[in-house]
Amino acid sequence: MEGEFPQPGRDEQTEGKNDSNQSSAENPTYKQKVKTPGKTYLSRLPKVRSVLKGGVAAVTAIGSMLIPSDSGNISQEAAQAAAHLPPGISQPGEFLKPPQQFQYVAQESASVNDSQSNKDNVQESIPLEEKDMQTRFMEAAEKERKQKIEALRINETAQEINRNTVIIDYAFSMENPRLQMMAPQASQELLFKNILKDDYVSAEQLEQEFGENFREKMDDVWKKYPKVALAYYWLNEYGNHGIPVERSTSTALEAFGFSSEQSDFYPLQNLSAKADTNISDYEIKQDELGNTGIFSEIKPELLIDVIKKINNVHPEKTRFNFSFTLGKGGFWVITKEMVTPTEDIPNFLGLFDEKRDETVYFPETAIGSITNKGVRVVSQTGEPINPLNKEEMEKEKKKATQALIKETTYDSPRFSKVDGYNPANASESLSKIFKVVDAFPDSIFFAAAGNNIDDLREMKDQQPNNLVFVAQWNSYKDGPDGRVDGADIYFDNYFFGLGAGSSFSTPAISALADILETYGLDNRQIVSTLRSSCDLVSYERDGQVFDADLFNPEKFKVILETLKTEQELKKVH
């Protein structure tokens, strides 16, 4: 990998380029955060769930539109634009849709349940006049969101800044000219050869067998070359992940009146595409039903080596954006599954039996009555049935449920993602990112906290001070998206119009760090200031109360205005 890091050479392309002077500014003192349980700077639009005639008209998202969040007091019209999150909007990887031949299978989470509850709100079932009303409400809410974003700007004309944060992520495409590559990109072909080895099939051969549009025929490819199809599925999900990641930095900068010509970018696929190195493990697994999965694990040792080489050539680059997890993560492509038909699971009714001083249970198909001798239960034909206590009822229900389980085969494979920081892998995965961060104590690392049942609290006492985990906040649920606990900063992607997932919350925060650097703040002050820009809030789940630091854009604007004023005063004197 020697010689991969050329001296930086900037393209002449600019977007609203404006020269600006930079000066040093001391880190101001800010008020201590006050905990505000259940309330944030986002005055949550009331959830309207009903689309029935005579009820309150609901607002649903049409297509892939993101429902905007809101802040401060909201107008009556915008308040009516409340919406339940559309199905799939809270799922990880929203920016990258799986091929139509695959269906996304969500893991057990609160966000999945919310998605399921929307199935009745299908667009076709809504009367035309209500659709028009919904469209007007959504347009009003979006207009107000944009006005609030516009109010965050501290510069009338975007101020051009230099970014000293390096994005390390996957990018095979060069469709985004803003990416300043710090190393030549390894090709898709080289990566696939390393992953698939003897199972590798070239794109030319796939074109000959399945046609030029073979990427749209993954079901057919899967039947003949399942591992090859799996690699292409991985490519679809992650291959150009870094492009919308970089786009999120631009959006965050623009919100506060700044811009950057380009972002320094290291292609993460380079860690896996060299056949003579083993810096990233790719493993193809099969479960007991024959489902196939692909899992990758980035080796911390070689990531450390890459960052050292970046530092040698670019010593000013002291911040890094990781919109990926270092633990073993990936996905299963499911063709077979053990399924229990929920409609066939027996239900039980309960009555309180004073004689037994407890609630007794019986099948809902039976008839129960309270007599002076206690609860009496008979079948529909009049035969007596012994009522069950709670333990007996649960045992009977479990036995009946297990008897109903059967193997189901799907015509088209389904996709189930596994995050690196889920409870089963959290300790091992977190220790790996800690190892990378500890090797560079003078740098800051902004890292995605995950999207699906990830818990970072277990090793919080071991987390390096220069590591900031960022997760997405869902203002409609007053809590994190995807049951992600223990992040250092939560960020509302919807308010800023970003894609769903902590992958996009993280670069937004790292972009704000670049703004703070323009006012002379060092890395320690940057982290402190970002934390000072948060509100301490709380959220509830499963009977537990959690605390969280939620980024407040209005508070951050006040901080920027203070720094800007100090900088201007220093110029005068």
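Helices (H or I, at least four residues) and strands (E, at least two) are DSSP runs, numbered from the N terminus. By this count the protein chain holds 15 helices and 23 strands. The model is a predicted one, in which local features need pLDDT of at least 70 and side-chain atom pairs count only at pLDDT 80 or more, while totals for chains, interfaces and linings use all residues. Residues are numbered from 1 along each chain as its sequence is written, and side-chain values use heavy atoms, with hydrogens and water left out.

Of the 573 residues in the protein chain, 53% count as buried, where buried means under 20% relative accessible area, exposed over 50% and partly exposed in between (1.4 Å probe, protein chains only). The accessible surface of the protein chain is about 27,000 Å², and carbon and sulfur atoms contribute 47% of it; such areas come from the Shrake-Rupley method with a 1.4 Å probe, and for residues only the protein chains shown count as cover. Contact means heavy atoms within 4.5 Å. Among contacts in the protein chain with a separation of 6 or more, 75% are between residues 24 or more positions apart.

Two strands pair if DSSP finds at least two bridges between them. S10 runs parallel to strand S4 (residues 165-169), joined to it by 4 bridges, and Val166 stands opposite Phe320. S10 also pairs in the parallel sense with strand S18 (residues 444-448), again over 4 bridges; here Arg319 has Ile444 as its bridge partner.

Turning to helices, H13 (residues 502-517) and H14 (residues 523-532) pack at an angle of about 120°, with their axes 10 Å apart. H13 is therefore oblique to H14. The axes are lines fitted to C-alpha atoms, for helices over the stretch in contact, and angles run from 0 to 180 degrees between N-to-C directions. Ile509, Leu512, Ala513, Leu516 and Glu517 of H13 make the contact with Ile526, Thr529 and Leu530 of H14. Angles under 35 degrees count as roughly parallel, over 145 as roughly antiparallel, 65 to 115 as roughly perpendicular and the rest as oblique.

Helix H11 (residues 426-438) includes Ser429, which counts as buried because its relative accessibility is 2%. Leaving aside residues up to four places away in sequence, Ser429 touches Gly327, Lys328, Gly420 and Tyr421.

Two loop residues complete the picture. Most residues other than glycine have a negative phi. Asp478, however, has a positive phi of about 50° and sits in the loop between strand S19 (467-474) and strand S20 (479-480). With a relative accessible area of 16%, Asp478 is buried. Asp542 likewise has a positive phi, of about 55°, and is found in the loop between strand S22 (534-541) and strand S23 (544-551). Asp542 is exposed, its relative accessible area being 62%.
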